[in-house]
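Hi! Here is the structure I promised to pass on.

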Amino acid sequence: MNLLLLEDADFVGADRVILRDRRLRHLQEVHRAETGDCLRVGRLGQTMGEGRLLRLDAAEAELQVTLDREPPAKLPLTLLLALPRPKMLKRVLQTVAAMGVPRLVLLNSYRVEKSFWQTPFLEPTAIREQLILGLEQARDTVLPEVLIEKRFKPFVEDRLPQLAAGTLGLLGHPGDFPPCPRTVERPVTLAIGPEGGWIPYEVDKLQTAGLAPVQLGERILRVETAVTALLARLF
């Protein structure tokens, strides 16, 4: 935890915070914090700053906080991601939040197993938990927007063209395609498929919606690796 992320319910005054949950345990067991210590803090959805530990015991921690800095800027990106397997989804959500993606669309694909859509990790509270961990890692306070689209064709035909309008539309896909561009200076809409890749029908539909296929080389990457590699290359 590189940022102690505070929520509205934690505030007992304009600049006073009480913590009693996992963040308290983290202060005790990982930070080994002591009264008087200063910690990096941020208010969810708002600004960042410093918190001074006024009191710490087994039941709660009390901090005085000063919030005077803006969180880091988000990437100019909408990321479309074929729903990964549940265990990988947790890691991907953390990565997306840590890297500053402002909007994530979890999308169905032919090679996405139907059982993946039944995972409890898609519950709003579970998604939020993983995003929070990503924000804490990267020192950010603003949650990404996460959209869930279980029907590929209606989304790609009806919504994606408008979503991608005015952006550089890219489709990550192995094959004889141009390499992914580097250091793009305009908004991007990027689609990344499942581990087995998009099927030809899906590639055609995504291209019709304005996304051009690009590749990262001959190696076949796991979804979480492809996300990190493509974002690092683009931005």
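**What I found**

Arg-139 counts as partly exposed because its relative accessibility is 33% (buried means under 20% relative accessible area, exposed over 50%, partly exposed in between, with a 1.4 Å probe and protein chains only). You'll find Arg-139 in the loop between helix 3 (124-138) and strand 8 (145-149); helices (H or I, at least four residues) and strands (E, at least two) are DSSP runs, numbered from the N terminus. Although Arg-139 is not a glycine, its phi is positive, about 60 degrees.

Before you go on: this is a predicted model, where local features need pLDDT of at least 70 and side-chain atom pairs count only at pLDDT 80 or more, while totals for chains, interfaces and linings use all residues. Residues are numbered from 1 along each chain as its sequence is written, and side-chain values use heavy atoms, leaving out hydrogens and water.

Thr-183 also isn't a glycine and has a positive phi, near 45 degrees. Thr-183 sits in the loop between strand 9 and strand 10 and is exposed, with a relative accessible area of 56%.

Now helix 6. Its buried residues include Val-223, Ala-226 and Leu-230. Among the elements that cover them are helix 2 (86-98) and strand 10 (188-192), where contact means heavy atoms within 4.5 Å.

Finally, which residues touch the most other members of the largest nonpolar core? They are Leu-79, Leu-160, Leu-190 and Trp-198, out of 56 residues. Such a core is a set of buried Ala, Val, Leu, Ile, Met, Phe, Trp, Tyr and Cys residues joined through side-chain atoms within 4.5 Å.
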